[in-house]
Amino acid sequence: MTLIEVLVGLLIVAGLLAMVVPAVTARAGVRVQEEAGRLAGSIRYLYNYAAIHGQTCRIAFSLAPSREGSEESASAYRFECTEGNPRLKPEQTQVRDGRIEEEEEEPVDETQLSEEERFQRRIEAGPRWSELSGGLAKTVELPPGVSIRGIWTPQLSDVVSAGETWLYFFPIGETQRALIWIGDPYDNVYTLSVQPLTGRVRVFPEALEVPRD
């Protein structure tokens, strides 16, 4: 094989790669767009569900940091509701290194507590959440290569990009103002902007910044 034949072969391979890479990137971008649309529909669905059924509901997001160049996705979300009308804490939830800081509690032997003390602990523990199932209300696992990069609400001190966080919906027809970023390893990113009073979700084909107002 001559040097010219080798060079021609390399040029052919380079040309094929030049066609394949944009095709893969474009397909990945379509998947991100599809998942952004599906999440937007899920948010609207739970907004209406909470108002119709008179329940407080939430989408529970499970996030994991994406590895650079990885096609794996560990992002998922599920739908939960509870009876009554629990309120969000007035103070901001602290976020450190992309995770919500959990308050450590010392273990308590409830057998040593009075009935009144056990009742008070149940109140302080907050509501019990039940997972919805059926129809749109089922756990959603994002496809390989697509992940939820971050979630922000005014109740969070920073963007959550790992661990668990929640988006709440109230029976009065209200949710939280929120930004949710969905992307892939090819820098295709969509931002979902959630309006609190209407539950409307706008989808932007770019990474919006957190508002500072």
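Helices (H or I, at least four residues) and strands (E, at least two) are DSSP runs, numbered from the N terminus. The model described here is predicted, so local features need pLDDT of at least 70 and side-chain atom pairs count only at pLDDT 80 or more, while totals for chains, interfaces and linings use all residues. Residues are numbered from 1 along each chain as its sequence is written, and side-chain values use heavy atoms, without hydrogens and water.

**Overall make-up**

The protein chain contains two helices and 12 strands. Read from the N terminus, their order is α-β-β-β-β-α-β-β-β-β-β-β-β-β. The chain has 213 residues, and 34% of them count as buried. Buried means under 20% relative accessible area, exposed over 50%, and partly exposed in between (1.4 Å probe, protein chains only). A contact means heavy atoms within 4.5 Å. Of the contacts between residues at least 6 apart in sequence, 68% join residues at least 24 apart.

**Salt bridges**

A salt bridge is a side-chain nitrogen of Lys or Arg within 4 Å of a carboxyl oxygen of Asp or Glu.

| Pair | N to O distance |
|---|---|
| Arg-38 and Glu-35 | 3.0 Å |
| Arg-78 and Glu-164 | 3.3 Å |
| Glu-101 and Arg-96 | 2.5 Å |

Arg-38 and Glu-35 are three residues apart in helix H1 (residues 3–53), which means that about one helical turn separates them. Arg-38 is partly exposed at 38% relative accessibility, whereas Glu-35 is buried at 9%.

Arg-78 and Glu-164 form a salt bridge with their closest N and O atoms 3.3 Å apart. This pair links distant parts of the chain, with Arg-78 in strand S2 (residues 76–82) and Glu-164 in strand S8 (residues 163–170), 86 residues apart. Glu-164 is partly exposed at 32% relative accessibility. Both residues belong to a network of salt bridges that also links Arg-58 and Glu-80.

Asp-184 lies in the loop between strand S10 (178–183) and S11. Asp-184 is buried but has no salt bridge, and the nearest side chain of opposite charge, Arg-149, is 4.8 Å away. The Asp-184 side chain does reach the backbone nitrogen of Asp-187, at 3.3 Å.

Two strands pair if DSSP finds at least two bridges between them. Strands S11 (residues 189–194) and S12 (residues 201–204) pair in the antiparallel sense over four bridges. Ser-193 has Arg-202 in S12 as its bridge partner. Six residues lie between the strands of this hairpin, where Gly-199 takes a positive phi near 75°.

Key:
Lys, Arg positive; Asp, Glu negative; His and termini not counted. Polar contact = N/O pair within 3.5 Å; in protein donor to acceptor, adjacent residues only side chain to side chain.
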